[in-house]
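Work through the exercises below with the sequence and model open. Try each task before reading its solution.

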Amino acid sequence: MSANKSFTFKDLTIELHPEVYEPAEDTYLLADSVVVSEGNSVFEVGSGCGLIALYCASLGANVICCDVNPFAVELIKKNFLVNESLLKGSFDVRIGDLFSVLDSKNSFDVIIFNPPYLPTSKKELVGGSGWFDKAVSGGLNGLEVIERFINQVSGFLKKKWQGLFCVQ
Ligand SMILES: C[S@@+](CC[C@H](N)C(=O)[O-])C[C@H]1O[C@@H](n2cnc3c(N)ncnc32)[C@H](O)[C@@H]1O
């Protein structure tokens, strides 16, 4: 059995999985844009392989992240173990849809999401296991997941509308 691909980002070693979104320009744009400090609380939605969430924890943030894709959650756990010694903040990964993984009382300094945003009709879906579509397709107008995220996010930010990083 061949090993999954891996690469390095900053000092982190990140393993990939065929069913999980492979970091691309949007990932790196977002990773380079986030401003987090030691002790900040961070929630990343849709962490994929965990690159951004792990990077935030390496900067000293206390991170909770989630994904709907069970392969992503397993991969994030694996990437956490590989990089654990480099993390200065705490790290917790959960499976589920958007903010459903949180307690309604949770609030964060920073919330991050690189959402599925491509406008996609049903016939344009790739199909297969469906996890690739889940990672990139934002429905017909590209906004299906983004709108649900935007409608809930302010309730989980400590300072309203500060510290929100979302590619679109
Ligand atoms: C564009 S990929 C970004 C992955 C990673 N954050 C990155 O930047 O490389 C979007 C990710 O969001 C996840 N996702 C899609 N809809 C979601 C939802 N409703 N709740 C949680 N995660 C979701 C997908 O499984 C996928 O891993």
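**Exercise 1: the ligand shell**

Task: find which helices and strands each supply at least two residues of the shell around the ligand.

Solution. Four elements qualify: α1 (25-33), α2 (51-58), β4 (62-67) and α4 (131-136) each supply at least two residues of that shell. Helices (H or I, at least four residues) and strands (E, at least two) are DSSP runs, numbered from the N terminus. The model is predicted: local features need pLDDT of at least 70, side-chain atom pairs count only at pLDDT 80 or more, and totals for chains, interfaces and linings use all residues. Residues are numbered from 1 along each chain as its sequence is written.

Next, count the shell. It holds 23 residues, the closest being T27, G46, G48, N114 and A135. The largest share, three residues, comes from α4.

Last, sort by class. The shell has 14 nonpolar, six polar and three charged residues. Nonpolar means Ala, Val, Leu, Ile, Met, Phe, Trp, Tyr, Cys and Pro; charged means Asp, Glu, Lys and Arg; the others, Gly among them, are polar.

**Exercise 2: the faces of α3**

Task: check the length of α3 (residues 70-83), then state which of its residues are buried and which are exposed.

Solution. Start with length. The expected span is 1.5 Å times one less than the number of residues. For the 14 residues of α3 that gives 20 Å, and the end C-alpha atoms are 20 Å apart, so the two agree.

Now burial. A residue is buried if 20 or more other C-beta atoms lie within 10 Å of its own, exposed if 12 or fewer, and partly exposed in between, with C-beta atoms placed from the backbone. In α3, A72, V73, L75, I76, N79 and N83 are buried. Seen down the axis, they fall within an arc of 160 degrees, so they line one face of the helix. The arc is taken from the directions from the helix axis to the C-beta atoms. On the other side, P70, K77 and L81 are exposed.

The buried residues pack against β2 (12-15), α2, β4 and β5 (91-95). Contact means C-beta atoms, placed from the backbone, within 7 Å.

**Exercise 3: V42**

Task: decide whether V42 is buried or exposed.

Solution. V42 is found in strand β3. V42 has 25 C-beta neighbours inside 10 Å, so it counts as buried. Beyond four places in sequence, its contacts include V36, C56, V63 and F108.

Technical notes
Near = placed C-beta within 6 Å. Contact = placed C-beta atoms within 7 Å.
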